[in-house]
Amino acid sequence: MTTPSSSLVQDNPSKHRFEFASQGERAVAIYSLADGVITFVHTLVPEALQGQGVARQLVLAGLASARERGLRVIPQCPVFAAYMRSHPETHDLLAEEGRTLLGL
């Protein structure tokens, strides 16, 4: 089994989501933007794409985009929250509300 590359994840700003398409399916990480903050709201991975590291690639792409754009992050989505909680190197991206959500 190969892990999908984050280069296969595309930002779709008009739909406020990062997308990964494969096997006729589309996984998404939905976000909202306001005042220099990106809030990751929900991640959906179709059953056909589960177990392939797709959610992780959506998280990595979303956080890389936030870093490149100088945005603070609020991980309301449990997938983003779990990843950020266990990866201290991402904590510098957290908005104050994000730090509170993660108990930091």
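Predicted model: local features only at pLDDT ≥ 70, side-chain atom pairs only at ≥ 80, totals over all residues.

Biologist: How are the rings of Tyr31 and Phe40 placed relative to each other, in distance and in angle?

Modeller: A ring pair is read from the distance between the ring centres and the angle between the ring planes. Tyr31 and Phe40 form an edge-to-face pair, 6.3 Å centre to centre, with 70° between the planes. This pair counts as edge-to-face because the cut-off for that class is over 60 degrees.

Biologist: How many aromatic pairs does the structure hold?

Modeller: There are four aromatic pairs. One of them joins Phe18 and Tyr31, which are tilted, with 5.3 Å between centres and 50° between planes. Phe18 belongs to strand S2 and Tyr31 to strand S3, so this pair ties together parts 13 residues apart in sequence. Phe18 is buried, as is Tyr31. Ring pairs link Phe18, Tyr31, Phe40 and Phe80 into a cluster.

Biologist: Which residues have the most contacts inside the largest nonpolar core?

Modeller: That core has 25 residues, and those with the most contacts inside it are Phe18, Ile38, Phe40, Leu58, Leu63 and Val73. Strands S2, S3 and S4 and helices H1 and H2 each give two or more residues to the core. H1 gives the most, with six residues. Leu58 touches, among others, Val9, Phe18, Phe20, Val28 and Phe80.

Biologist: How does one describe two packed helices?

Modeller: Two packed helices are described by the angle between their axes and by the distance between those axes. Here the axes of H1 and H2 come within 10 Å and cross at roughly 75°. H1 is therefore roughly perpendicular to H2. On the H1 side the contact is made by Ala55, Arg56, Leu58, Val59, Leu60 and Leu63, and on the H2 side by Val79, Phe80, Tyr83 and Met84. Of the residues in this contact, nine are nonpolar, none is polar and one is charged.

Biologist: Is Ile74 buried or exposed?

Modeller: Ile74 has a relative accessible area of 7%, so Ile74 is buried, the cut-off being under 20%. Ile74 is found in strand S5, residues 72-75.

Biologist: Which residues does Ile74 touch, leaving aside those up to four places away in sequence?

Modeller: Ile74 touches Val37, Ile38, Thr39, Phe40, Ala95, Glu97, Gly98 and Leu101. Val37 and Ile74 are 37 residues apart in sequence, while their C-alpha atoms are 7.2 Å apart in space.

Methods. Residues numbered from 1 in each chain as written. Heavy atoms only, no water. Core = buried A, V, L, I, M, F, W, Y, C linked by side-chain atoms within 4.5 Å. Buried < 20%, exposed > 50% of the residue type's maximum accessible area, 1.4 Å probe, protein only. Helix = DSSP H or I, 4+ residues; strand = E, 2+ residues; numbered from the N terminus. Contact = heavy atoms within 4.5 Å. Axes fitted to C-alpha atoms, helices over the stretch in contact; angles between N-to-C directions. Parallel < 35°, antiparallel > 145°, perpendicular 65-115°, else oblique. Nonpolar A, V, L, I, M, F, W, Y, C, P; charged D, E, K, R; others polar. Phe/Tyr/Trp six-rings, centres within 6.5 Å; stacked < 30°, edge-to-face > 60°.
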